[in-house]
Amino acid sequence: MTHAVCPGSFDPPTLGHLDIFGRAAGLFDQLTVAVLVNPDKRGMFTIDERLDLLRATTAALPNVVVDSFQGLLVDYCAANDIRAIVKGIRAVSDFDYELQMAQMNHGLTGVDTLFIPTAPAYSFVSSSLVKQVASYGGDVRQLLPDVVASALADKINSSAG
Ligand code: PNS
């Protein structure tokens, strides 16, 4: 069985992420979307909220499972018999760091990284920019799954109140 992972912070997941999940899920028997638990970085959404949002947005993809991990991604891959890491590349500016991580990960355990070019419609979309624009009242609904757009609006409304 071919098993790949899409790792990330997903704070929150965007339509750009979802596009990559769908395309990666078409290439492997199983795809795990894995949220990094980073104790040094507090996000807008808790890990449990991100897992719930990811489960809701990938519900229509039967071979996708959602999980979280701590520590090195290569250790998570080894423990789960995952042979490929899949990353979306939005622009050349993503590539330098992604290449560095891919080479480091391959050097550590031999796990390979595959890059999927992001759909042009989402090439400018990032979780951090979406949060920033939304926090100043900008409309980002067209960049997010509906369930994420509602959750983001709730977060911003509750922090404003
Ligand atoms: O969505 P992000 O924040 O760009 O995702 C980055 C992520 C989670 C893929 C990367 O930080 C990662 O793999 N972290 C786990 C720790 C690790 O393995 N670090 C060494 C990378 S070479």
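Reader: Is Lys-131 buried or exposed?

Author: Lys-131 is buried, with a relative accessible area of 18%. Buried means under 20% relative accessible area, exposed means over 50%, and partly exposed is in between (1.4 Å probe, protein chains only). Some ground rules come next. This is a predicted model, in which local features need pLDDT of at least 70 and side-chain atom pairs count only at pLDDT 80 or more, while totals for chains, interfaces and linings use all residues. Residues are numbered from 1 along each chain as its sequence is written, and side-chain values use heavy atoms, with hydrogens and water left out.

Reader: Which side chain meets Lys-131 in a salt bridge?

Author: General idea: side chains of opposite charge can pair when their charged atoms come close. The cut-off here is a side-chain nitrogen of Lys or Arg within 4 Å of a carboxyl oxygen of Asp or Glu. Helices (H or I, at least four residues) and strands (E, at least two) are DSSP runs, numbered from the N terminus. Now the case. Lys-131 meets Asp-11 at 2.9 Å, N to O. Asp-11 lies in the loop between strand 1 and helix 1, and Lys-131 in helix 5 (residues 127–135), so the pair ties together parts 120 residues apart in sequence. Asp-11 is also buried, at 7% relative accessibility.

Reader: What does Arg-50 meet in a salt bridge?

Author: Asp-11 again, at 3.6 Å, N to O. This pair links distant parts of the chain: Arg-50 is in helix 2 (residues 47–57), and Asp-11 is 39 residues apart from it. Arg-50 is buried, with a relative accessible area of 6%.

Reader: How many salt bridges does a search of the whole structure find?

Author: It finds 7. One of them joins Glu-98 and Lys-87, at 2.7 Å, N to O. Glu-98 lies in helix 4 and Lys-87 in strand 4, so this pair ties together parts 11 residues apart in sequence. Glu-98 is buried at 14%, and Lys-87 counts as buried at 14% too. Shared partners join Asp-11, Arg-50 and Lys-131 into one network.

Reader: Next, the sheet. In what order do the strands lie?

Author: Strands of a sheet pair through backbone hydrogen bonds, either parallel or antiparallel. Two strands count as paired if DSSP finds at least two bridges between them. Here 5 strands form an open sheet in the order 3-2-1-4-5, with parallel pairing. Strand 3 (64–69) and strand 5 (112–117) are the edges, each pairing on one side only. The twist averages 30° from one strand to the next. Helix 1 (residues 15–25) packs on the sheet and touches strand 1, strand 2 (30–36), strand 3, strand 4 and strand 5; its direction makes about 120° with that of strand 5. Contact means heavy atoms within 4.5 Å. Axes are lines fitted to C-alpha atoms, for helices over the stretch in contact, and angles run from 0 to 180 degrees between N-to-C directions. Helix 4 (residues 92–109) lies across strand 4 and strand 5, at about 175° to strand 4.

Reader: How many bridges join strand 1 to strand 4?

Author: Strand 1 (residues 3–8) and strand 4 (residues 84–89) pair over 2 bridges, in the parallel sense. Val-5 stands opposite Ile-85 in strand 4, and Ala-4 stands opposite Ala-84. Strand 1 is largely enclosed by the rest of the structure, because 5 of its 6 residues are buried.

Reader: Which residues have the most contacts inside the largest nonpolar core?

Author: In soluble globular proteins, nonpolar side chains tend to be buried together. A nonpolar core is a set of buried Ala, Val, Leu, Ile, Met, Phe, Trp, Tyr and Cys residues joined through side-chain atoms within 4.5 Å. The largest has 18 residues, and Cys-6, Phe-21, Leu-31, Val-33, Leu-54 and Val-86 have the most contacts inside it. Strand 1, helix 1, strand 2, helix 2, strand 3 and strand 4 each supply at least two of its residues. Helix 1 gives the most, with 4 residues.

Reader: What does Phe-21 touch, leaving aside its neighbours within four places in sequence?

Author: Phe-21 is in contact with Cys-6, Phe-10, Leu-31, Val-33, Leu-54, Thr-58 and Leu-61.
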